[in-house]
Amino acid sequence: AVTGSFDLNGAKYSPTWPRLALTGRIGDNYIFIQDKVNWKAGQRIVITTTEIKDSRDWHRNEERTIVNLFQTSLASNVMAIQLDTPLLYKHFGGKEYQAEVALLSRNVIVQGDDRSLPTDALPVVCNNTANPTDKSTFPCENSWLTGFGAHIIVDGSLGTNPKGRFSGLELYRVGQTNVIGRYPVHYHMLGNVAASNYA
């Protein structure tokens, strides 16, 4: 948007990032979360890892599809979510800390095409070649440098005071790697806009 207004709003799901109420164990088809949510069957979620390591080459995050949601008798704010496939890993949900469960799906999707994906995704990670006994991994300097996805910009550089209001969106294959100012959503040179723009 350079002039005028750009409004793109999907259904509002809330909350979108609750925590587990109980530990999810290997083989469980249900997880229990700490909040009442208005999510729907068929939506995708991710259950975050509670392991120490979380990297491209080794993680325990699990994506699942919701089969059904139930109010429980455990507490007034605890809901059960039936998963399409059982958990492969343990996701801790104790007093000390809890895995988070994030809603991935929205009913309005902004996405790049298949060519948006990085063409240099290998190697996934690199090792410390200077010290062969060091088994840690880190992102490689010469990979994951490409990727040219969708991009939303509200550009105020012409002084035309455009407005961009976005909510409830799923952004997939977005942003342009190593291109300054080509983030998934970019408000450019708008100045102080208060509540007239939001994402």
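Trainee: What is the torsion about the S-S bond of Cys126 and Cys140, and is the disulfide right-handed or left-handed?

Mentor: In general, a disulfide is a covalent bond between the sulfur atoms of two cysteines. This is a predicted model, and in it the sulfur atoms of Cys126 and Cys140 are 2.0 Å apart. The torsion about their S-S bond is about 115 degrees, so the disulfide is right-handed. Cys126 belongs to strand E8, whereas Cys140 sits in the loop between strands E9 and E10, so the pair ties together parts that are 14 residues apart in sequence.

Trainee: Is Cys140 buried or exposed?

Mentor: Cys140 counts as buried because its relative accessibility is 9%, under the 20% limit; Cys126, at 23%, counts as partly exposed.

Trainee: Which peptide bond from a leucine to a proline is cis?

Mentor: As a general rule, most residues other than glycine have a negative phi, and most peptide bonds are trans. Here the bond from Leu122 to Pro123 is cis, with omega near -5 degrees, and Pro123 is in the loop between E7 and E8. A cis peptide bond also joins Ser14 and Pro15, with omega about -20 degrees, and Pro15 lies in the loop between E1 and E2.

Trainee: What is the phi of Asn161?

Mentor: Asn161 has a positive phi of about 55 degrees, although it is not a glycine; this residue is found in the loop between E10 and E11 and is partly exposed at 46%. Met189, also not a glycine, has a positive phi of about 50 degrees, lies in the segment after strand E13, and counts as exposed at 56% relative accessibility.

Note on methods. Residues are numbered from 1 along each chain as its sequence is written. This is a predicted model: local features need pLDDT of at least 70, side-chain atom pairs count only at pLDDT 80 or more; totals for chains, interfaces and linings use all residues. Side-chain values use heavy atoms; hydrogens and water are left out. A disulfide is a pair of cysteine sulfur atoms within 2.5 Å. Helices (H or I, at least four residues) and strands (E, at least two) are DSSP runs, numbered from the N terminus. Buried means under 20% relative accessible area, exposed over 50%, partly exposed in between (1.4 Å probe, protein chains only).
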